[in-house]
Amino acid sequence: MQVRRLTAGTLSVLLAALCACAISAGAASGYVYTDIIDFNLTETTHTYGTFSISGVGDNSAYYRWVDDPAHSTVISGNSCIDLSLYGKSDIPAHDVAYHRLFTGSAYQCFALRGRTATGAGPMSFYDGRIQR
Amino acid sequence: MRAWRRWLLVGALVVAGAAVSAGQHGHGAASASDDAATLQSRQLAAAPDLPAGGGEDLDGRSAAALAAEVATRVPLPAGGNFNGIEWNELDGTIGAAVVQEVVEYNAACQWYRALRDGREVADARRVVADAAGWQGIRGRATGELAAGVAADVVAGGGPVLTGVLRQCDAAHQHEVAYAAASGKAGER
């Protein structure tokens, strides 16, 4: 009986530990998402705002269009400190998949910038999403 | 541009008036022992919120002019400057609010490095504690980071402080090189 109680107690501890590990692993492989509302673009690069890479993802910043983009676009991330370019991605028209802008480090701040491809004209009131 | 500058001027006058008033009544702002950096920091923290909408879109030249105005109200540690910000390389436009945010976060980074390196520690501690509330930073991504840094400093260290300092150090090297290439002095 005593052995059974110990076994049950040990099992409870083990299960709790396993759950904690699972939650921790889930958080470590997660991302933070931020909706980008009305990212109005022209052929001249426009700055939307600033964001930071989270402490739970893969130290990269990604962007996708939520609204099916009518034009090819160029989306970039620049330093919040000196505006130097960290990285950019060319996103073809009608592509709504995530594209990596750059890989940096946790809590790295960046300014989200974008434009339409040369000759494409403006693209207004399209929403996107950052994975960070 | 004119409307934005007018608003900034009004904001600066309001802040200056508030600081003088607080000093006369002996509460709210900096105490007599605080120096200019701490006073500037507290004035920025007391300044009203920027107008909603991000302000006018500016090209690199206009952004640099606005940044020069903003810089006069932002505290820096000794030897600090803003010569490493790439206004002249900026293609397209940037909102006036982001211009101010970049200048202020650049300054915050210089204070984070100063505190880590043991320079002007008393001022640095006060400025780092205030920075999340600065006019151009509060309510933005940089404000969240600055709040995290302040909390980690109080706790004696933490992931946000480590991550932000990593970016600040990398930016510092980049800025010094950029300033030198432009024939200007780099920040300390």
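How many bridges join S3(A) to strand S8 of chain A? Four bridges do, and the two strands run antiparallel. The model is predicted. This briefing covers a sheet in chain A and a helix pair in chain B.

**The sheet in chain A**
- Strands of a sheet pair through backbone hydrogen bonds, either parallel or antiparallel.
- Four strands of chain A form an open sheet in the order S1-S8-S3-S6, with antiparallel pairing.
- The edge strands are S1 (33-36) and S6 of chain A, and each pairs on one side only.
- From one strand to the next, the twist averages 20°.

**Strand by strand**
- S1(A) pairs with S8(A) over four bridges, in the antiparallel sense.
- Asp35(A) stands opposite Arg129(A) in S8(A).
- Arg129(A) also has Arg64(A) standing opposite.
- S8 of chain A spans residues 128-131.
- S3 (residues 60-65) of chain A is joined by four bridges to S6 (residues 99-103) of chain A, and these strands run antiparallel.
- Ser60(A) has Thr103(A) in S6(A) as its bridge partner.

**The helix pair in chain B**
- Two packed helices are described by the angle between their axes and the distance between the axes.
- Helix H2 (residues 36-46) and helix H5 (residues 121-130) of chain B pack at about 5°, with axes 9 Å apart.
- Angles under 35 degrees count as roughly parallel, so H2(B) and H5(B) are roughly parallel to each other.
- From H2(B), the contact involves Ala37(B), Thr38(B), Ser41(B), Arg42(B) and Ala45(B).
- They meet Asp123(B), Arg126(B), Val127(B) and Asp130(B) in H5(B).
- The residues of this contact of H2(B) with H5(B) divide into three nonpolar, two polar and four charged.

Technical notes. Residues are numbered from 1 along each chain as its sequence is written. Chains are lettered from A and ligands numbered from 1 in the order in which they are written. This is a predicted model: local features need pLDDT of at least 70, side-chain atom pairs count only at pLDDT 80 or more; totals for chains, interfaces and linings use all residues. Two strands pair if DSSP finds at least two bridges between them. Axes are lines fitted to C-alpha atoms, for helices over the stretch in contact, and angles run from 0 to 180 degrees between N-to-C directions. Angles under 35 degrees count as roughly parallel, over 145 as roughly antiparallel, 65 to 115 as roughly perpendicular and the rest as oblique. Two residues are in contact if their C-beta atoms, placed from the backbone, lie within 7 Å. Ala, Val, Leu, Ile, Met, Phe, Trp, Tyr, Cys and Pro count as nonpolar, Asp, Glu, Lys and Arg as charged, and the others, Gly among them, as polar.
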